[in-house]
Amino acid sequence: MGLPSGFLYAGSMNVVSTLWSVDDFATAILTIRFYQELQSRVSVAVALNSAQNWMRAASKED
């Protein structure tokens with residue numbers, strides 16, 4: 001059983017994880033944007049997708 005499965009087994013409603021190694025800085029930026037999106041009371045999937053789309057289009061100034 002992996003860590004994400006353990007959280008689900010323990011009763012967590014959602015788990016956001018990666019399938020491969022990612023850059024720590026990029027992950028931090030994505031996570032900040034994800035939580036900002038999540039505060040607008042959308043679903044976890046919609047918030048993550050919105051954060052991913054924002055990150056793909058973001059420039060250094062953003």
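There is one salt bridge here, counting a side-chain nitrogen of Lys or Arg within 4 Å of a carboxyl oxygen of Asp or Glu. This is a predicted model, so to speak with caveats: local features need pLDDT of at least 70, side-chain atom pairs count only at pLDDT 80 or more, and totals for chains, interfaces and linings use all residues. Residues are numbered from 1 along each chain as its sequence is written, and side-chain values use heavy atoms, leaving out hydrogens and water.

**The salt bridge**
- E37 pairs with R33, and their closest N and O atoms sit 3.3 Å apart.
- Both belong to helix α2, where being four residues apart puts about one helical turn between E37 and R33.
- E37 counts as buried at 18% relative accessibility, while R33 is partly exposed at 24% (buried is under 20% relative accessible area, exposed over 50%, partly exposed in between, with a 1.4 Å probe and protein chains only).

**Overall fold**
- The protein chain has three helices and zero strands, in the order α-α-α from the N terminus (DSSP runs: H or I of at least four residues for helices, E of at least two for strands).
- Along the principal axes, the C-alpha atoms fill a box of roughly 40 × 30 × 15 Å.
- Of the 62 residues in the protein chain, 6% are buried.
- The protein chain exposes about 5,300 Å², with 58% of that from carbon and sulfur atoms (Shrake-Rupley, 1.4 Å probe; for residues, only the protein chains shown count as cover).

**The largest pocket**
- Its volume is about 470 Å³, taken as the space filled by probe spheres set on grid points joined across faces, edges and corners.
- A pocket here is an open set of points on a 1 Å grid over the protein atoms alone, where a 1.4 Å probe fits, with protein on both sides within 12 Å along at least five of seven lines; lining residues have an atom within 4 Å of a point.
- The lining has 16 residues, and V16, S17, T18, L30 and L48 are the closest to the pocket's centre.
- Helix α2 gives the most to the lining, with seven residues, and α2 and α3 (44-57) each supply at least two.
- By type, the lining residues are 10 nonpolar, five polar and one charged.

**A nonpolar surface patch**
- L3, F7, L8 and V15 make up a nonpolar patch with about 380 Å² of accessible area together (residues over 30% relative accessible area and without a salt bridge, nonpolar side chains joined within 5 Å).
- V15 lies in the loop between α1 (3-9) and α2 (24-38), and is partly exposed at 32% relative accessible area.

Conventions
Patches are made of residues with over 30% relative accessible area and no salt bridge: like charges are joined within 9 Å, nonpolar side chains (Val, Leu, Ile, Met, Phe, Trp, Tyr) within 5 Å. Ala, Val, Leu, Ile, Met, Phe, Trp, Tyr, Cys and Pro count as nonpolar, Asp, Glu, Lys and Arg as charged, and the others, Gly among them, as polar.
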